[in-house]
Amino acid sequence: MKKSLIIILVGIILLLSATSFAGGYFKRIDVLINGAKIEIDREIIDTDTEPFIYNNRTFIPIRAVAEGLGCEVKWDDKTNKVIINKYKDFPECDYLNGEIFVYGLITKIDFESRTIELEQHIDDNSIEITPILPVKEDVVIIIQRNDKTINIEFSDLKCGDVLGAVIDKDGFIRGIIMSL
């Protein structure tokens with residue numbers, strides 16, 4: 001009897017300490033799922049989680065809404081928070097894996113074949129490239145001005161734009177950054 005009581009007490013202590021380390025808690029709630037839809041710019045957004053109503057407030061999946069607005073959403077496990085950026089970014093140039101970063105002026109664009117002709121701006125550290133460069137389908141293009149940053153599409157580029165571009169090991173542009 002004493003032995004089983006000690007085992008139960010040890011089990012309760014371990015359970016309580018494990019719960020305190022988790023840093024959160026579970027709460028059962030009643031919600032109303034009424035088939036609510038999310039519409040952004042006249043387009044219905046598909047989600048993997050249904051919106052619901054709780055305490056007279058509508059709850060919607062933040063990732064679906066933020067990405068529908070053109071934002072980038074990340075989850076930080078260490079700080080237990082959602083991070084939303086108003087624009088999509090791309091990873092820095094990875095020189096160790098054969099990528100290069102170039103500066104230049106767009107002199108010609110072929111939207112059908114997704115290529116740009118670049119007049120490269122050369123400095124002491126530049127690697128000379130061929131002037132006609134293919135652009136990846138999923139290229140991320142960023143424009144910065146003062147404290148504002150936005151994304152644009154490949155179709156928004158024009159001759160005369162000055163840019164910096166990350167060229168991957170296969171010779172495709174995967175990221176473009178421009179300042180206005």
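Mentor: One cut-off before we start: exposed means over 50% relative accessible area, and buried means under 20%. Also, this is a predicted model.
Trainee: Fine. So is Glu43 buried or exposed?
Mentor: Exposed. Its relative accessible area is 52%, and exposed means over 50%.
Trainee: Where is Glu43 placed?
Mentor: In strand β2, which covers residues 43-45.
Trainee: Which residues form the negative surface patch?
Mentor: Glu43 is one of them. Glu39, Asp41 and Asp46 are also in that patch.
Trainee: Let's zoom out. How many helices and strands in the chain?
Mentor: There are 2 helices and 12 strands.
Trainee: And in what order do the elements run?
Mentor: From the N terminus: α-β-β-β-β-α-β-β-β-β-β-β-β-β.
Trainee: What share of the residues is buried?
Mentor: 27% of the 180 residues in the chain.
Trainee: What about contacts across the sequence?
Mentor: Take the contacts between residues at least 6 apart in sequence. Of those, 46% join residues at least 24 apart.
Trainee: New topic. How many salt bridges does the structure hold?
Mentor: It holds 8. One of them pairs Arg174 with Glu99, with the closest N and O atoms 2.7 Å apart.
Trainee: What does the pair Arg174 and Glu99 tie together?
Mentor: Parts that are 75 residues apart in sequence, because Arg174 lies in strand β12 (residues 173-179) and Glu99 lies in the loop between β6 (81-85) and β7 (100-110).
Trainee: Are those two buried or exposed?
Mentor: Arg174 is buried, at 15% relative accessible area. Glu99 counts as buried too, at 11%.
Trainee: Next one. Which residue does Arg114 meet in a salt bridge?
Mentor: Glu137, at 3.5 Å from N to O. Arg114 lies in the loop between β7 and β8 (115-121) and Glu137 in strand β9 (residues 132-145), so this pair ties together parts 23 residues apart in sequence.
Trainee: Last pair. How far is it from N to O for Asp170 and Lys169?
Mentor: 3.9 Å, in a salt bridge between their side chains. Asp170 and Lys169 are both exposed.

Key. Residues numbered from 1 in each chain as written. Predicted model: local features only at pLDDT ≥ 70, side-chain atom pairs only at ≥ 80, totals over all residues. Heavy atoms only, no water. Patch = residues over 30% accessible without salt bridge, like charges linked within 9 Å, V, L, I, M, F, W, Y side chains within 5 Å. Areas by Shrake-Rupley, 256 points an atom, 1.4 Å probe, with all protein chains shown as cover. Salt bridge = Lys/Arg side-chain N within 4 Å of Asp/Glu carboxyl O. Lys, Arg positive; Asp, Glu negative; His and termini not counted. Charge placed at Lys NZ, Arg CZ, Asp CG, Glu CD. Helix = DSSP H or I, 4+ residues; strand = E, 2+ residues; numbered from the N terminus. Buried < 20%, exposed > 50% of the residue type's maximum accessible area, 1.4 Å probe, protein only. Contact = heavy atoms within 4.5 Å.
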